[in-house]
Amino acid sequence: QWTALPTHTVTFNANGGTGSMSPQVANVPTALTANAFTRTGYTFVGWGTSVGGPVVYADGATYSFSADITLYAQWTALPTHTVTFN
């Protein structure tokens, strides 16, 4: 007799970004769906388990799917530059 492992869901939160990503459901360790969120003036650096990070999972990293979790996109501001006209 075999019993199916319970499935768990990873929910992706843009955390200030825009776009949408469907939740990911699995019951064995699986690579996370690649980030599809964008944020003007920022670069995506990975996934955290809270709004403020830190980064816990890289883009495409494997998650165990042993529990439901919400992952928050973590962003780093791009450098700004000043142009001076003379």
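**Aromatic pairs and the nonpolar core**

Phe-37 is buried, and Trp-47 is buried too (under 20% relative accessible area, with a 1.4 Å probe and protein chains only). This is a predicted model: local features need pLDDT of at least 70, side-chain atom pairs count only at pLDDT 80 or more, and totals for chains, interfaces and linings use all residues. Residues are numbered from 1 along each chain as its sequence is written, and side-chain values use heavy atoms, leaving out hydrogens and water.

The structure holds 6 aromatic pairs (ring centres of Phe, Tyr or the six-membered ring of Trp within 6.5 Å; edge-to-face means planes over 60 degrees apart). Phe-37 and Trp-47 form one of them, edge-to-face, at 6.2 Å centre to centre and 70° between the planes. Phe-37 lies in the loop between β3 (30–31) and β4 (42–48), and Trp-47 in strand β4, so the pair ties together parts 10 residues apart in sequence (strands are DSSP E runs of at least two residues, numbered from the N terminus).

Now the core. The largest nonpolar core has 16 residues (buried Ala, Val, Leu, Ile, Met, Phe, Trp, Tyr and Cys joined through side-chain atoms within 4.5 Å). β1 (8–13), β4 and β7 (69–77) each give two or more residues to this core. The largest share, 4 residues, comes from β7. Among the residues with the most contacts inside the core are Phe-37, Trp-47 and Leu-71. Leu-71 touches residues including Val-10, Phe-12, Leu-32, Trp-47 and Tyr-57, not counting residues up to four places away in sequence (contact means heavy atoms within 4.5 Å).

Key:
Phe/Tyr/Trp six-rings, centres within 6.5 Å; stacked < 30°, edge-to-face > 60°. Buried < 20%, exposed > 50% of the residue type's maximum accessible area, 1.4 Å probe, protein only.
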